[in-house]
Amino acid sequence: MSLLSTLIRCLIHFRKGDIKMGYLKQIDLENFKSWRGKHVIGPFMRFNCIIGTNGSGKSNVMDALSFTLGERPPSLRVKHLKDLIHGAQIGKPVSNTARVAMRYCDDEDQETIFCRSITGDSSEYQINGVHVSLAKYMEALKRIGIVTKARNCLVFQGAVECIALKDPKERTKMFELISQSSEYAAEYDKKKEALLKAKEDTQFHFTKKKSATAEKKQVAQENIEAQRYKALVDELHQNHLQLSLAELYHNEKGISVLNDTLRQKQQDAAAMNDKLVNWEQMVKTQKKEHGRLTRQQQQLEKEIRAQEAVLSQCQSQYIKVKVNTSHHMKRAEELHNTLKESQKLLASKEAQLAEDRNEVAELVRTWRNYEKQQQEAFHGRDIELDEDQLEKYNELKEQARKQSAVLNQQAEKLNWEVKADYEKLAFDQHRKTEVEVSIKNHQSQLGHLTGRAEKLEEYTKSCMTSLKEYHQQEVSLSAELERGSQRIIEVNQELGQVLEELGNARLDSQESRRQLQRKEVLEKLCRLYPESVYGRLSDLCSPIHKKYQLAVTKVFGRYMNAIVVTSEKVARDCISVIKERRAEPETFLPIDYLDVSPLNERLREVPGAKMVVDVVKVTAATGAAQLRKVVQFVCGNALVCETIKEARSVAFDRQERLKTVALDGTLFAKSGVISGGSSDLRTKARCWEEKEMTLLKERKEQLTAELRDLMRLKRKEEDLKQIVAQSQGAQTRLKCAKTELENLRKKSIPKYQAEISRMESELANLDPQIQMQQESMEAKNAAMRSIRDQIDQMEDLVFSDFCAEIGVASIREYEQVHLKQQTELDKKRLEFERHCNQLKTKLEFEQGHVEQQRQKLLIMEELINKEERVLAEQRKDEEKLLVEVGHCQSKLLDMKNQLVSKKSQVVNAKVDLDHKTQSLKEINRELVTLQKEVNHEETALEQKRMARHNLLLSCKIQDLPITLLSGSLDEISEMQLDTESESTSATMHIYEREAQLVIDYSGLEAEFKDLQTEKEVKAYLEKLKESISTREGVLQRTTAPNLKALEKLCEVKDKLQGVTEAFDASTRTARKCSQEFEQVKAQRFRLFSQCFEHVAVVIDQIYKTICRNSSAQVTSFIREESRKNMQVIVISLKEEFFSKADALLGVYSDFDDCMFSHILTLDLRPYPLPEEDIGEENDKEPRAVRKQGAGVLELPS
């Protein structure tokens, strides 16, 4: 590492501006990392070195100082603050808090204590014992020259290498952070952004000003051209006037002829219509008769369905009663079996009870015999005393009794206690036997009930499974029937609508021969080229709504019935086939040959209008993308509007003229031509309806077939009713089984279990009681034996002479002869009483159990009787319902026979109705032929009227000065009509109103009025049109000027004034923003330059100082600088550092539950270095700590 790098790592200055220098006095630690308890590190001298073995805690001193200066946990080599507490790394923190305090002294020796402590996951900050916020804490550190973010007083291990590896941008950021110029970064960016925006606004307004100036020049030139163009237009209008008058004169003559022909045709059609009305009345009468028979048939079918419902209900009731009967029979059988088992159990209990009674009687007899034998044996072994001896014995006995009265009382008391304990023991043992027997009986009964519950549970599961299956079948059938019923209603409604639409459309009329021929030709082409011929355009697509039919028909025009094919070759082949068949000519649309213009997407945004392409949908199943291309070719960029007014506005009021059509068929072309509807436009539009009618007929057949299938589905109602009846029966059985199972689980079984648990608890308590009583009896017997020994000693002393006299060793020998037998007898009596009591208790328990069993048998017999009565009633109901089911079946059979007869009558009526309907159709065909002739004449007349209307409207639009003898051009409707316009009451009203107009033809040339033939008239009109065309050509070659140039010139001047003012305002704003930006930029540059220049100067001085003395070492330089400019704390094990330090701080470790650190401080100032001996003689000033800057660094060991 270079010398300069070493100096940068070691020299850290606090100096910044006018900040006064101070020094670090000491550090106080408490439970921080490896420092357990309270420790004081210091006092620190001018040049300090911290040494110690690896892992002893040297770096933790650096972490403690960093912690005090506000560093975050990641910089302290931990994840959380609580991990800084001693012992937290091994999961055994010694305390909930940790604390580090730094004592700092300024140049006036005023001490400031900066303290930071850990409480939970947060820190607390104190200055001289006063709690402060983090912001105030950092501000106080900043006042003494410590900037934590810049780390201007700490050099961590590897920090110098990190700085050396930084690129220029990163070093710049570091200097900005140190110099605090980064505080102006946000304001700098804000001012810069405002300046850029102001410049953009200025450039924008300048561009607008330039454009406005150019526009002013252009508008002035357009004004001159408009005046020239107007003179040419006036000359053309006069020519249009002569042509319009000639066409109107010729049109009025044709209308007069057509009116006479139409009147005769209408009279013939009226006579045929009267005949048709008469036949329709006959058909109507026949339909009523057919309807009456049909309603009778439907009523009979309804009665049959009602009777089937009654039969189904009777059958379900019969099945339900039969299931209940089966359930009650099974229930009665189970009760009989249970009764037999209970009777057998009762008989066995009674037999056992008789045996117990005999056993008790036999025991009493045995005891009496035994007692009698013992009394006889006692009298045979008795020792006889005379009266004096007996009197003396009694006296001595009394004397002994008095002497041992106290002991006798004690013995008697113990004897009574022993007897009481013995009786209690006998009672407990007897009770234990009773409880054990009772537990066995209850367990047996519990086992029987548990088995019964398991059987019921299995039966319940089987019932639930069956019920679930029935429910699934019922839900499935119900849903299917419900869907079927709902679908029948929907099908009937839809079928009614289809029939109504078919009736309204009069589909019974025959197709014309021409249409049939064209249809056959198309079918043959589809057979020859199945993948190449799609069909007619009107069959492949349709309007999305009926209201668009006239508009789409108008736009499609001659392509309405065109045949769509894939290629030009296929189209030519199809034309060859048509020529061979000598069929009518057809129009073909080869997809690969079409030149399709792209759609103008902007037209979709025109308000109040839609593109015709968007209101046409492709209905073909295949080739939708190709067919969409054909639709786009036919429709182009045409627009459709709701009304004529909107269509005209969209077509002519915009900068660019558009092709627009109204919903009634009025078309506005780009050239300005307006064409209205006609009577046969609706006829052409009927192709959409005929296509719909074809679909309706197919839909009718589908609905009829579906309705037949749905009627067959209703037969499943009988299956549903049977399943419902079976489900109800299973539900009844399940309910009874659940009730019994619930009684067993909630009442009987818990009752027996509780009783067994209680008796087991009692039995568990009896065993320790018996053991305690036995122990108590043994202790009392021992005490009685001790007392008896004392009494015997007293008696031996009193009866010593008497015993010698009667020749016995002791008085007890005499008494034992009498008392032994008595004791044995008492013992036998006690055993007899105990055994007898046990038998009696058992006998009482068994007798009570037998009584309970008898009560149960009585209850069971009552239940059996009740079930048999219910079963008898169920059987009567079953027989009654069976008879009723038979009656319903016979009645249903009669109704079905009547239905067959009624159906034959309906069929006959239907045949008559069809015959009359056919005759009516023939008459209707004749009427249709006459109506077509009338329609042809009406169409011709309407075309003439339409032509007159369009001529008048054209005159009105072109503002031609036509003179009227009656009426005014203002009465002419502005609606344009053509051969495809719809014939409505509105158009007829227009024609009638226009017929009242009388035109003055005096201005028309006499030459035209004298013309007679149609050919001459056409030649004259063509001559006028050629003259107009010549003049229009001149106008077309002349560019159309802007006729509003004068008005636009004023607008452009105003616009230029406003743009100029906006440009001046934006220029002033940009100048102001530039000034503010330069001020902030200069401030940032000043701070950055001061910091950078200071660092450069200091590094240069250090480098020059070291270079002047080649023998100088880095450590010596640090030592010299520490005496003048800074305080240095080094963590290193290198000898060149710690051998020349003013103080050594040795860190060593110790181990308990975990490692903890200790420190030893050594002042090296009394031991001067050899090269400083001479200097110390001259300079006696002690090596005291100076009040200047301080630094801490950590070097690798």
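1. R365 is partly exposed, at 45% relative accessibility. The cut-offs: buried is under 20% relative accessible area, exposed over 50%, partly exposed in between (1.4 Å probe, protein chains only). E362 is also partly exposed, at 41%. R365 and E362 form a salt bridge, with the closest N and O atoms 2.3 Å apart. A salt bridge here is a side-chain nitrogen of Lys or Arg within 4 Å of a carboxyl oxygen of Asp or Glu. Both residues lie in helix α6 (residues 185-380), three residues apart, about one turn of the helix. Helices are DSSP runs (H or I, at least four residues), numbered from the N terminus.

2. The model is predicted: local features need pLDDT of at least 70, side-chain atom pairs count only at pLDDT 80 or more, and totals for chains, interfaces and linings use all residues. Residues are numbered from 1 along each chain as its sequence is written, and side-chain values use heavy atoms, without hydrogens and water.

3. K424 bridges to D428, with the closest N and O atoms 2.9 Å apart. The two are four residues apart in helix α8 (residues 405-505), about one helical turn. K424 is partly exposed at 37%. D428 is buried at 2%.

4. E601 pairs with R604 in a salt bridge, the closest N and O atoms being 2.3 Å apart. E601 is partly exposed at 47%. R604 is partly exposed at 36%. Elsewhere, salt bridges with shared partners link K25, D28, R103 and E111 into one network.

5. The whole structure holds 27 salt bridges.

6. D388 lies in helix α7 (residues 387-403). D388 is exposed, at 59% relative accessible area.
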